Amino acid sequence: MNFQQLRSIREATRCNFNLTEVANVLFTSQPGVSRQIRELEDELGVEIFERNGKRLTGLTDPGKGILDIVERLLIEADNLRHASAEYAGKKSGTLTVATTHTQARYVLPRVVQAFRAAFPEVRIALQQSSPEHIAEWVLSGKADVGIATEGLSQFDELVSFPCYAWNHAIVVPDGHPLLALASVSLQDLGAYPLITYDVGFTGRGHIDDAFRQVGIATDIVLTAMDSDVIQQYVALGMGVGIVASMAIEASQRNGLKAISAGHLFAPNVTRLAVRRGAYLRSYTRDFILQFAPELTRADIDEAMKHGG
């Protein structure tokens, strides 16, 4: 049994049982991948994959249990490498952070700047995507840390930390009628075409819930993942924007005005997640503490030990 066999098993499931893709990921040949899988099956004495001719089509029942063990073994192999680098006193490496555009654009710059000052030999790789993909990247080991508002607390395989709360804000062109109101209501807001985030992004669920609870049908004419994009279309006069409060600095560049919406929509909590069982290098812990200064190293250790 060797690690290349284990990686072949894991990547076969990640690549939807396409051995050509597995070979590309592992920088080897398709026959080589097939041989690694067959050799492990022969050694274990069980069929891990269901087959249709030479094609893999799925996991057998024993294969599903074996895959869980393979995942744990490979996680521990990564932990061993990270721990050895830590004990050898190496403070270099790459910290991969998967996050949304809003976090990368408006929250992370100050954190990354402080982190780089403390760990100048550590490179930072920012990967931006949806909360669902962020969770998948952390679970698969493609990212060390995931940061998002939605979804991260729903995965048992992740340990997530609440970091900070924030609210939405309304953005409108200068002179818009909503600016003349002492307090904007959902009825007032719902009378206009709206531009806001895609479903599953940046607190969109709380926006939909608020209108649903009072029975107001909204006319959401455009959605986007990017706060800057939303505000650009508001500036074009296409509708009223609802964005994260930390993104309203961009409204000034577009000639827009911001209106507080904290009284309209439930507050949101941004969370940071790491893979359960992962070995956290000292610079990873430092990054977590930079992003969530209310946490302590003891909080992180306790969460990693007992599951959050």
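In strand β10, I242 is the bridge partner of I170, and the two strands concerned, β7 (residues 168-173) and β10 (residues 240-244), run antiparallel and are joined by four bridges. Strands here are DSSP runs of E with at least two residues, helices are runs of H or I with at least four, and both are numbered from the N terminus. The model is predicted, with local features needing pLDDT of at least 70 and side-chain atom pairs counting only at pLDDT 80 or more, while totals for chains, interfaces and linings use all residues. Residues are numbered from 1 along each chain as its sequence is written, and side-chain values use heavy atoms, leaving out hydrogens and water.

Both strands belong to an open sheet of five strands in the order β9-β8-β10-β7-β11, with mixed pairing, where two strands pair if DSSP finds at least two bridges between them. Its edge strands, β9 (220-224) and β11 (256-260), each pair on one side only.

Helix α9 (residues 227-235) lies across β7, β8 (194-197), β9, β10 and β11, and runs at about 160 degrees to β10; such angles run from 0 to 180 degrees between N-to-C directions, with axes fitted to C-alpha atoms, for helices over the stretch in contact.

Elsewhere, the axes of helix α1 (residues 3-14) and helix α2 (residues 19-26) come within 9 Å and cross at roughly 130 degrees. Their contact (heavy atoms within 4.5 Å) is made by Q4, R7, S8, E11 and A12 of α1 and by V22, V25 and L26 of α2.
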